[in-house]
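The following note sets out several points for the attention of a colleague examining this model.

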Amino acid sequence: MHRLLVVEDQKRLLASLRQGLEEEGYEVATASTGEEGYFLATTEPCDGVVLDLMLPKRDGLQVLKELRSHGFTKPVLILTSRDAVEDRVAGLDAGADDYLVKPFAFAELLARLRALFRRNVGDRELVLRADDLEMDFLERRVVRDGVELDLSKREFELLEYLLRHKNQTVTRDMIGRDVWNEPDGLWTNVIDVCVNALRKKVEQPGHRQIIQTVRGVGYVLRDHQ
Amino acid sequence: MKRLSIRWKLTLWYGGVLAVVLTLFSAVVYTVMSHQLMERIDQGLNEELADVLSEVHRHQDSASLLEWLNRRFAHHEGFDFEITDSNGERFFANPRLIEQSLSFADASEGNSPPRFETLSIGAAGRWRIVAVQDTGPSSPLTVKIGRSLATFEHETRELLFTFLLTGPITLLIAVSGGYFLARRALNPVHAITQTAKRISVQQLSERISVNNPTDELGILAETLNEMIERLERSFQEMRRFTADAAHELRTPLAVMRNDVEVTLRSSRSGEEYCRVLENVLDETNRLTTMADQLLFLCRQDAGLQANRQESIPMDDLLEGVVVNMQLVAGEKGVSLKLVANPSHSIMGDPRQLRSVFYNLLDNAIKYTPASGAISVTSKADNGQLVVVIADTGIGIPEEHLAKIFDRFYRVDPARSGDENGAGLGLSICQSVIRGMAGDIHVVSSVEQGTTITVRLPQQSFTSHTPSPDNAKAQS
């Protein structure tokens, strides 16, 4: 499994991040100052870094720049409470691979980390399956238990997104961004409405419930097989 | 001069001008008066000269002339006479002149007019003398008549003295009067200063009293009063905003705290812990949304929002939003239609503009009961793109209409549990539209429906001055 270095000065956030990430199967090393983070990143082997920007002693951006200038090539995800565009640009320019604005959904952090470590495997499969549901991209049709489902374009895209992230919780922000192409998320319940409509079609009476709501977070498509 | 108060400056200027005027006036009066006095003296001398000359002409021999001269001019008030012959010998002189002589004065030659001269004659002081030559009974005679200038000098000296004495006194009286007047005139300014000092955040209801609203100071006072009123209004708004913000921010915190505290009082089942944690997550999400929205508004207010500037095809944007929202409307049994949607482009930030229309349509759907209808119309009008969203919803009561764009304002306070925010949505819409130099306007009647009109300039530009941040974000 991947080995992660988490650099964050807020002790409680650090503790909950470590717990959550370890439960997801990551091996986690932690640091609470920029100095310590830089030291660990350059001395211990790790596959990726989660880096807070506002750190005591040495600023996260500075740490990142120094790491990159010393040939550190592993993916770095920045955590920041500064969400102005120029801050994001500065972070990405300094060599970050992704950023996440605090407060963030833990599910989204997991999804971003997965994306960072993904090696294009299973990304462009032509047929996706979950339970007795099958999605065929060539013929552009969805079949459950031998019955073809009549889905709108948006419902099709939504189901595809859930299938590609099956057994992983996706947040409404992620769906809004990736399915609806609204980078700031949708300040409306259009996603809930669409998920409900999709559910009605996918979960006919007698079928097992596969799209679950994760309260306060988002949705997950469960593959029970 | 710079350090003096206006009152003293006015007084000093007044005093200075008055001193110059008084000096000039005195100088002119003094000159004119002494000139006139001298003329009168000369006139007297002329008359006496004429008398003497008539005696000289009347007599044929020197003896009778001398006798008559003695009789008439030996004791003549104020004038002194001396007549000399061609050799310079004294022919006649009045007794006072026995010791003195007027011989300094040169007689004029022949028939030339009499000569006047002012001379200092030893201890006798200054004299005015007239001299003329005339043919006497036997030989040519020089007639000189003198008059002491003592009286004249005394009079002019008194005049000068009067001026020197009354001038400063007049000046003193006038300057103190001027100071008093300046003080009186500036009294309202003092009152304004005192009131303005008293006015603090706690006492914005105070106003400057206006005695005469038409004069300059009255106008100043009224202008200041209007300014204080605007201040008071914005302070009230600020106070309301702070109170609302405190309420909106504290409520979720209170809910979480209470939930967690109560739960921790005894041991619970796993399910119950789950329920509480889910509640906490909900409230956290609400706080997160609110923080995002407040930050957005603050940045927009400060002009720090890095607004993108790109050409937005409005027909595509509207269609996308409407199609998405049709799902939401459909679920509620409300029909949502895009009536007219000509192809137009405007400049702006498409993300922000999309969120505006999502927000407006979300509201429209929320407040329109089942089987109601919402129509979206877009048209070009006078260089502007006008988007009209009309619903057949419950409407907004008159008294709320003016305030619905206020931050945290809710028509129905009972809806504060609403998931979709804390009454900031419309404020954000207005802020975005205004940021694009546009305008948003609401008309509504209760039970009939609400119509929202958004106007955007087709050649839109941000009203914010491009800050270095903006430039950076766009580069």
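1. Helices α6(A) and α8(A) are roughly perpendicular to each other, because their axes cross at roughly 85 degrees and angles of 65 to 115 degrees are counted in that class. The model is a predicted one, and the crossing concerns residues 153-164 and residues 190-202 of chain A, whose helix axes come within 10 Å. Two packed helices are described by the angle between their axes and the distance between the axes.

2. Which residues form the contact of α6(A) with α8(A)? From α6(A) come A:Arg154, A:Glu155, A:Leu158, A:Leu159 and A:Leu162. Their counterparts in α8(A) are A:Cys194, A:Val195, A:Ala197, A:Leu198, A:Lys201 and A:Val202. By class, this contact comprises eight nonpolar and three charged residues, with no polar ones.

3. Most residues other than glycine have a negative phi, and most peptide bonds are trans. The peptide bond from A:Lys102 to A:Pro103 is cis, with omega near -5 degrees; A:Pro103 sits in the loop that runs between β5 (98-101) and α5 (106-117) of chain A. A:Asn167, a residue other than glycine, has a positive phi near 65 degrees. The loop holding A:Asn167 lies between α6 and β10 (170-171) of chain A.

4. Turning to the interface, 25 residues of chain B are in contact with 23 residues of chain A. The size of an interface is often given as the accessible area lost when the parts come together. For chain B and chain A the buried area is about 2,300 Å², of which 53% is on carbon and sulfur atoms.

5. How many salt bridges does the rule find across the interface of chain B and chain A? There are three, and the side chains of B:Glu278 and A:Arg215 meet in a salt bridge at 3.4 Å, N to O. Eight residue pairs are found in polar contact across the interface, both residues being at pLDDT 80 or more.

6. On the side of chain B that touches chain A, the elements giving two or more residues are α5 (270-302), α6 (314-332), α7 (350-366) and α10 (468-474) of chain B. The most is given by α5(B), with nine residues. The residues of this side divide into ten charged, eight nonpolar and seven polar.

Key
Residues are numbered from 1 along each chain as its sequence is written. Chains are lettered from A and ligands numbered from 1 in the order in which they are written. This is a predicted model: local features need pLDDT of at least 70, side-chain atom pairs count only at pLDDT 80 or more; totals for chains, interfaces and linings use all residues. Side-chain values use heavy atoms; hydrogens and water are left out. Contact means heavy atoms within 4.5 Å. Buried area is the accessible area (1.4 Å probe) that two parts lose on being put together, summed over both. A salt bridge is a side-chain nitrogen of Lys or Arg within 4 Å of a carboxyl oxygen of Asp or Glu. A polar contact is a pair of N or O atoms within 3.5 Å; within protein, one must be able to donate a hydrogen and the other to accept it, and residues adjacent in sequence count only if both atoms are side-chain atoms. Helices (H or I, at least four residues) and strands (E, at least two) are DSSP runs, numbered from the N terminus. Ala, Val, Leu, Ile, Met, Phe, Trp, Tyr, Cys and Pro count as nonpolar, Asp, Glu, Lys and Arg as charged, and the others, Gly among them, as polar. Axes are lines fitted to C-alpha atoms, for helices over the stretch in contact, and angles run from 0 to 180 degrees between N-to-C directions. Angles under 35 degrees count as roughly parallel, over 145 as roughly antiparallel, 65 to 115 as roughly perpendicular and the rest as oblique.
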